[in-house]
Amino acid sequence: MISIRRSAERGHADHGWLKTYHTFSFADYQDPAHHSFRALRVMNEDWVAPGQGFGTHPHRDMEIITYVLEGTLQHKDSMGNGTNITPGEFQRMSAGTGILHSEFNPSADETVHLYQIWLFPKRKGITPSYEQRRFDPASMRNRLRLVASPDGRDDSLTIQQDAFVYAATLDAGSEVRHELAEGRSAYLQVLRGSVVLAPDGETLVAGDGVRFTEASAVTFAGGESAEVLLFDL
């Protein structure tokens, strides 16, 4: 069974310095029908204006993945990390017992476009940790590349949850299929371009997402050049 979440149906806020869309309930946007999906709690698409950002704030007991599509995001945290996240890079923070962090757009003229994703951890109270990684673009062209997993297999980021996160870029017409083990579900988020689901023929465009439940596989093809994230949950 599939359930499509269209881009325009998401929660939206425009704070001037920040334009954001929420797939699931977040901050002032609350929707009981779209609070979370299995371990997936937050799927925010953000645009941060030049010279602006999120001031230092706390998190705990959450797995946080940040992916930058355009621009540069400057990160600082209470673990001593101070890095720049650039397009194509993934960052993973395990907030665990608690961290303080900030994100800032250091550019004077370029907007940062990013996704921030939260997953519930498998248990509370773990030691906070941090990773940042760039993956070879060729490894995800017209195929799913594992970018986060519970055990860090295939040089992926390590998340404290029984969840597998894949990234792919698709040429028009190129098809990808992902098998789902019994009892597992999936969530597909389109970051750029468009994809066509098989066998339904539904077209998804940038910002659209879809839940797969009671399914044995997820199959989709590039409708035009596309970039996606797939969550096996």
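Me: How many aromatic pairs does the structure hold?
Reply: The structure holds seven aromatic pairs. Rings of Phe, Tyr and Trp (its six-membered ring) pair if their centres lie within 6.5 Å; planes under 30 degrees apart are stacked, over 60 edge-to-face, and the rest tilted.

Me: Before the details, what sort of model is this?
Reply: The model is predicted: local features need pLDDT of at least 70, side-chain atom pairs count only at pLDDT 80 or more, and totals for chains, interfaces and linings use all residues. Residues are numbered from 1 along each chain as its sequence is written, and side-chain values use heavy atoms, with hydrogens and water left out.

Me: OK, what kind of pair do Phe26 and Trp118 form?
Reply: Phe26 and Trp118 are edge-to-face, with 5.5 Å centre to centre and 75 degrees between the planes. Phe26 lies in the loop between strand S3 (18–22) and S4, and Trp118 lies in strand S11, so this pair ties together parts 92 residues apart in sequence. Strands (E, at least two residues) and helices (H or I, at least four) are DSSP runs, numbered from the N terminus.

Me: Is Trp118 buried or exposed?
Reply: Trp118 is buried, at a relative accessible area of 13%. Phe26 has 22% relative accessibility, so Phe26 counts as partly exposed. Buried means under 20% relative accessible area, exposed over 50%, and partly exposed in between (1.4 Å probe, protein chains only).

Me: And Phe90 with Phe135, what are the numbers there?
Reply: That aromatic pair is edge-to-face too, at 5.8 Å centre to centre and 70 degrees between the planes. Phe90 sits in strand S9 (residues 89–94) and Phe135 in the loop between strand S12 (129–134) and S13, so parts 45 residues apart in sequence are tied together. Phe90 is buried, with a relative accessible area of 1%, and Phe135 is buried as well, with 6%.

Me: Which rings are linked into a cluster?
Reply: Ring pairs link Phe24, Phe37 and Tyr187.

Me: Moving on. How many residues has the largest nonpolar core?
Reply: That core has 26 residues, and those with the most contacts inside it are Leu40, Phe90, Ile117, Phe231 and Leu233. A nonpolar core is a set of buried Ala, Val, Leu, Ile, Met, Phe, Trp, Tyr and Cys residues joined through side-chain atoms within 4.5 Å. Elements giving two or more residues to this core include strand S4 (40–48), strand S11 (112–119) and strand S20 (217–232). Apart from it lies another core of 21 residues, among them Leu144, Leu146, Leu180 and Ala186.

Me: What is Leu40 in contact with?
Reply: Leaving aside neighbours within four places in sequence, Leu40 is in contact with Phe24, Ile117, Trp118, Leu119, Tyr187, Phe231 and Leu233. Contact means heavy atoms within 4.5 Å.

Me: Different topic. How many helices and strands are there?
Reply: The protein chain has zero helices and 20 strands.

Me: Which strands pair with S10?
Reply: Strand S5 (residues 53–59) and strand S10 (residues 99–104) are antiparallel over five bridges, with His59 bridged to Ile99. Strand S7 (residues 73–77) also pairs with S10 in the antiparallel sense, over four bridges, and Asp77 stands opposite His101. Two strands pair if DSSP finds at least two bridges between them.

Me: Last one, how much of the chain is buried?
Reply: Of the 233 residues, 54% count as buried. Along its principal axes the C-alpha trace spans about 45 × 40 × 40 Å.
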